[in-house]
Structure formats: C-alpha cells, structure tokens
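Trainee: I'm new to this one and would like a close look at a single part of it. Could you walk me through it slowly, and then show me what lies around it?

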There are 2 protein chains.
Amino acid sequence: MKVSINGLRIAVVGAGALGLYYGAMLQRGGNEVHFILRRDFEAIKADGLRVFSVNGDFHIQKVNGHGNASEIGEVDLVLVGLKTFANHKFEELITPLLGENTIILTLQNGLGNEEALASHFGAERIMGGVAFLCANRGKPGTVHHLGEGKIIIGEFSNDKTTRAEKLAAIFQKAAVTCSVVSELKRARWQKLVWNIPFNGICALMLKPVDALLSHKETRKQIIDIMREVIEAGNAQGLKDKLEQSLAEKLISFSEGLGSYKPSMLIDRIENRQLELEAIFKIPIVEAMKKGVYMPKVEQLFAFLDLSENHN
Amino acid sequence: MKVSINGLRIAVVGAGALGLYYGAMLQRGGNEVHFILRRDFEAIKADGLRVFSVNGDFHIQKVNGHGNASEIGEVDLVLVGLKTFANHKFEELITPLLGENTIILTLQNGLGNEEALASHFGAERIMGGVAFLCANRGKPGTVHHLGEGKIIIGEFSNDKTTRAEKLAAIFQKAAVTCSVVSELKRARWQKLVWNIPFNGICALMLKPVDALLSHKETRKQIIDIMREVIEAGNAQGLKDKLEQSLAEKLISFSEGLGSYKPSMLIDRIENRQLELEAIFKIPIVEAMKKGVYMPKVEQLFAFLDLSENHN
C-alpha cells in the first residue's frame with residue numbers, strides 16, 4: 001500500500017452510522033473519501049455531513065457523495081460498513097472500485113463477511129476489523145457519535161503485515177484509535193460475546209441496555225449467553241483463548257452504556273431487517289462444527305427469526 | 001360428599017372462560033350453581049349466560065350471579081378458576097362458602113394452587129384438577145368453547161377417595177369428560193409440558209399456536225422445552241413417569257389446534273397480568289429443588305418477566 005502525501009483514496013460502501021462516522025473521521029484526517037449514498041444523498045449534497053460527537057461536533061461541507069460505485073473508480077481502500085443482509089450487493093458495489101492493490105476492509109458485524117468478500121474478490125485483498133462504536137444516524141446528513149470508537153483490524157489471512165500497520169496509522173492520524181491483531185477471528189468472537197446477547201435481547205424485547213441489566217433474571221441470561229459464546233469461540237482453535245472473566249468485564253462495561261440502543265434494536269425500531277445471519281446463524285453453525293451447542297443462543301435466535309416472519 | 005337429588009350446590013370463584021364454561025355445564029347438568037361475577041355481572045343479570053360451543057350452543061337464562069361470596073353462603077363444592085396472580089384473594093372469596101364438608105376443587109393453571117388453598121383452608125378439603133379446555137371469553141355474558149374440555153381431577157393428598165369418584169360422576173352427568181387420577185402431581189406436570197412452551201412463546205411473540213409450529217427453529221425450541229419439563233417432572237418422584245414420547249404426542253395434538261390462542265396470549269393481548277408465578281417460576285424452583293436445571297424454560301421466563309416490567 002502506497003500512501004501519498006494526500007492520504008488514501010477511500011470509498012465507503014454502506015454509509016450507515018458506522019460508514020458515515022469513520023468516513024468523516026478519515027476525510028477530516030486528510031484522506032480523499034468517497035461515499036456511496038442512498039438515504040442521505042440529497043441532504044449531504046445540499047449541506048454536507050454533520051457529526052455530533054462526544055468528542056466534539058464537526059461539519060464537513062464538501063463531501064464526495066455518489067449514487068453508484070462506477071462514478072468513484074479505483075481506490076486504495078474500500079471501507080465496508082454495509083448491513084450484512086445486503087452482502088448480495090458486494091459485486092455491484094465493490095467491483096468498480098478495485099485496482100490491483102486495493103484493500104477491502106470490512107467493519108461489518110458478525111461472521112462470514114470476510115469469507116464472502118474473499119470468494120468474490122480474492123482472499124489476499126481482504127482485511128477485517130471490529131468496531132467498538134456507539135453511533136446512530138440522525139436526520140439525513142447527520143450522524144450521532146455517542147461513545148467509544150476504537151477499531152481493531154487484522155488480515156483475513158491472520159498474518160501480520162506491514163499494510164495492516166500502515167492502515168492502522170492512517171486511522172490513528174484521523175484520531176481513530178486503531179490497533180492491529182494477528183488473530184482477527186479472536187476479535188470477531190470477542191465482539192460476538194457482547195453482540196449476541198445485547199443486540200439480540202434488546203431487539204427482541206424492544207428495550208435498551210440498562211433495562212436488561214436492571215432486570216435480575218435477564219442479566220443472568222446475558223451472562224449465560226456470554227459463556228456459551230466464549231466456549232464456542234474458544235473451540236475455534238484460537239491461539240489466544242478468550243478468558244472466562246470476559247463476561248463479567250463486558251457486563252461492567254455495559255453498565256456504563258445507560259439506555260444505549262444497540263444497532264439491532266435501532267434496526268427493529270426503524271423496521272429494517274435484522275442482521276441475524278451474521279450475528280446468530282453463522283456463529284451457531286460454526287460452533288456446532290466444533291461440537292459446541294449454544295442452547296440459549298439458539299433459542300434467542302429462534303425467537304428473533306420468528307419475529308421477522310411477518311405473516 | 002352427600003349428593004342430593006338436586007345435584008350439588010356449587011360456587012364458581014373466578015368466572016373467566018374456564019369458570020363460566022364449567023359452571024354453565026354443571027348448571028345445565030342439574031346442579032345449583034352460583035357465580036361470583038365482576039366483568040360479566042350486569043350482562044349476565046340482564047340476559048343470562050350464552051355458551052357458543054363446538055358441541056352446540058346453549059343459553060342459560062336464569063343465572064345466580066353475585067357480587068361477593070357472602071351472598072352465596074355454604075356450598076358443597078367451590079370450583080376455583082381464578083387467575084393465579086389473584087390467589088391473594090382466596091380468603092375473601094372462599095371463606096364465606098365453606099361448610100364442614102365443602103370441597104375446594106382448583107382447576108387453575110400451573111403449580112402452587114393446591115398448596116396455597118391448603119395453607120388457608122386445610123389440606124383435607126383440597127382437590128385439584130387439570131382442565132384441557134380451549135375456551136375464550138367473548139363479549140360480557142358469553143363464552144366461546146373452541147374445543148376439548150376434558151378434566152382430570154385428583155386429591156391434593158394423592159389418595160384415591162370415593163368423593164373424587166362422586167365428583168367425577170357429577171361432571172360426567174353434566175357432559176364433561178372427567179377422570180380421577182391418584183397422582184395429581186403427575187397430571188399437573190404433564191399439563192406444564194404443554195403450557196410452558198405454548199403459553200410462554202405465544203404470549204412473548206404475540207403469535208398463535210400454528211405460527212410457532214410452522215417456524216422450524218421455534219418448533220425445535222418447543223420440543224427442547226418440553227423435554228426439559230418432562231425431565232423436571234420425572235424428578236419429582238412420580239410413581240408413573242412421564243414418557244419421553246409425550247413431547248412428540250403433544251406436538252401432533254397441537255397441529256390440530258390451528259391458530260388457537262392460549263390463555264396467556266389472550267391475557268397479553270387484553271393487557272392482563274401473565275400467570276408467570278404458577279406456570280414458570282414455581283416449576284423452575286421445584287425443578288431446581290430436585291437438581292434439574294431447565295435452561296430454555298429459564299430464559300423464556302426471564303424474557304416474559306422482563307416484558308411485564310412496564311418501566
């Protein structure tokens with residue numbers, strides 16, 4: 001990866017809260033960022049992109065907004081923030097963006113995204129990242145950054161590479177805390193330990209994080225689910241195992257989130273499809289492949305999937 | 001129990017769908033039935049009680065409706081159909097009805113009702129029954145009998161008695177299929193094998209029976225939950241164990257119920273409290289006392305209980 005004095009040429013594919021936030025940060029950090037926009041197209045064309053952030057609000061007047069990928073052409077980096085149920089659009093959205101050395105970095109939720117990208121575009125291009133970001137979209141042209149923001153990135157190959165280090169430096173320069181891990185799979189499972197109970201139960205019950213934690217019986221279910229996911233993650237042949245104490249640590253962390261609404265609850269409230277395949281179904285299958293059965297995760301998935309059946 | 005030529009003098013305490021239906025059947029079958037009414041008081045005073053039944057509709061013009069138990073006085077039989085979350089009203093509703101030989105028969109859902117009645121009124125009076133009834137209330141003064149109707153009764157003491165046989169004969173004479181069991185506890189747990197998954201999931205998901213069964217993942221959860229309850233029931237020292245095949249039998253039976261709404265779903269739709277204590281909490285505790293943990297039942301209970309927290 002060659003980084004010019006003008007930073008990277010970057011395309012953001014999937015400009016939801018996550019794509020808009022990191023795209024804005026990267027542009028403010030000196031890169032040439034292009035967004036493929038749908039909902040926010042008109043608003044951003046008219047008035048740019050506003051970030052209301054716990055770290056200070058900012059406004060980007062001149063935003064490169066596009067209706068499709070062909071307008072953008074080749075980039076150094078494709079940042080994928082697409083909702084995972086839209087992964088069937090990868091070909092259409094990403095192919096026009098690829099040059100010989102283009103890196104594709106997915107910051108999407110759950111499992112299976114790197115694999116899907118690799119099957120389309122070749123494994124060597126693919127990097128993955130786990131974003132710890134509390135952000136929601138506001139009205140068109142705005143994004144609300146409520147807290148956190150750190151990302152952990154790694155190669156799909158699980159190798160350590162210099163391009164990963166360079167990419168982390170680009171994020172760091174853009175004021176995004178970013179570290180490189182050699183075992184991306186571990187970071188993915190670690191994130192699932194939070195995502196599966198909180199996204200799942202909040203979406204099913206239409207309640208924010210603190211409503212779950214303050215209910216004794218539900219709090220216990222969260223811990224039980226976290227333990228199931230830790231066990232399943234550790235069965236994936238991780239070099240560096242997830243500690244059992246991760247559950248308690250994540251509960252303490254979540255206490256600080258107050259009435260935060262995880263993305264899946266927002267999706268439910270806004271009547272969007274839920275990311276059940278990436279966050280539930282594939283993890284359940286990958287666990288089973290290693291002989292680990294997650295009964296409470298399976299039940300939660302069944303109820304969520306049933307709730308998607310609007311017949 | 002002395003049965004006169006005029007049948008029994010009976011008080012129905014808790015005149016919901018179940019109380020109204022069996023009360024109407026018993027009156028039509030030649031007994032003197034008194035109802036303590038709330039919601040349906042005016043309607044029944046004005047126009048009697050109408051039963052719309054799969055076995056043929058009927059109308060009882062002259063109904064003994066009362067606002068409280070003192071108006072009724074001593075009876076031979078108290079039929080308890082109260083919602084279990086109203087069990088704190090036992091003293092007020094039942095004490096005025098008791099003579100020396102009055103039998104109290106509870107047809108309520110779940111566990112703990114005979115015990116609560118025994119602690120108030122003495123164990124020797126208490127009989128319990130399990131009703132297999134598909135019935136809902138209609139507009140005031142009406143009840144809809146959609147199917148089934150059989151009841152299984154037994155002594156709280158688990159003895160075989162002649163009074164139980166006599167009482168069964170009274171029901172039979174009133175065209176209610178009724179059999180006597182020596183092990184009431186077994187009948188209660190057997191009923192829970194159906195009640196816990198179907199009442200729980202239907203109420204949580206706001207969907208009728210067939211919507212659950214036609215969703216593959218949910219159908220599996222139902223079977224898993226049934227197996228947990230069978231194991232817990234069999235740990236209660238039953239002389240006659242519940243068979244493993246009960247789960248499959250109940251699934252087949254439930255296929256025939258179509259879009260039936262179990263009572264807990266009706267309670268939820270009509271914004272009433274759910275019977276979580278009797279159908280979930282006490283069974284979970286009784287199972288734990290015998291060393292049986294029911295993970296999926298526990299999770300379902302947690303979600304239902306959380307859904308009752310309207311904060």
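Trainee: Let's start with A:Thr102: is it buried or exposed?

Mentor: Keep in mind that this is a predicted model. A:Thr102 counts as buried, because its relative accessible area is 2%, and the cut-off for buried is under 20%. To find it, follow chain A to strand β7, residues 98-106, where A:Thr102 has its place. Now look at what its side chain does: one of its polar atoms sits 2.6 Å from the backbone nitrogen of A:Gly99. Then set aside the neighbours within four places in sequence, and A:Thr102 still touches A:Val75, A:Asp76, A:Leu77, A:Val78, A:Leu97 and A:Arg125.

Let's step back to the domains. Chain A splits into domain 1, residues 9-182, and domain 2, residues 186-310, with C-alpha centres 24 Å apart. Where the two meet, 25 residues of domain 1 of chain A are in contact with 22 residues of domain 2 of chain A. Together they bury about 1900 Å², and carbon and sulfur atoms give 56% of that. On the domain 1 side, A:Phe85, A:Asn109 and A:Leu111 stand out: they supply 37% of the area that domain 1 buries here, more than any other three residues.

There's charge in this meeting place too. The two domains of chain A share 2 salt bridges. A:Arg188 forms a salt bridge with A:Glu114, with the closest N and O atoms 2.7 Å apart. Strands β8 (126-137) and β9 (142-155) of chain A each give at least two residues to the domain 1 side, and β8(A) has the largest share, 10 residues. Sorted by class, that side holds 12 nonpolar, 9 polar and 4 charged residues.

Finally, there's chain B. The contact takes 27 residues from chain A and 27 residues from chain B, and the area buried between them is about 2300 Å², with 61% from carbon and sulfur atoms. A:Gln299, A:Phe303 and A:Leu306 supply 27% of what chain A buries there, more than any other three residues. You'll find 4 salt bridges between the chains. A:Lys220 pairs with B:Glu298 in a salt bridge, the closest N and O atoms being 2.9 Å apart. On the chain A side, α6 (184-205), α7 (209-213), α8 (216-234) and α12 (295-308) are the elements that give two or more residues, and α12(A) brings the largest share, 11 residues.

Note on methods: Residues are numbered from 1 along each chain as its sequence is written. Chains are lettered from A and ligands numbered from 1 in the order in which they are written. This is a predicted model: local features need pLDDT of at least 70, side-chain atom pairs count only at pLDDT 80 or more; totals for chains, interfaces and linings use all residues. Side-chain values use heavy atoms; hydrogens and water are left out. Contact means heavy atoms within 4.5 Å. Buried area is the accessible area (1.4 Å probe) that two parts lose on being put together, summed over both. A salt bridge is a side-chain nitrogen of Lys or Arg within 4 Å of a carboxyl oxygen of Asp or Glu. Helices (H or I, at least four residues) and strands (E, at least two) are DSSP runs, numbered from the N terminus. Buried means under 20% relative accessible area, exposed over 50%, partly exposed in between (1.4 Å probe, protein chains only). A polar contact is a pair of N or O atoms within 3.5 Å; within protein, one must be able to donate a hydrogen and the other to accept it, and residues adjacent in sequence count only if both atoms are side-chain atoms. Domain bounds come from an automatic or database domain assignment. Ala, Val, Leu, Ile, Met, Phe, Trp, Tyr, Cys and Pro count as nonpolar, Asp, Glu, Lys and Arg as charged, and the others, Gly among them, as polar.
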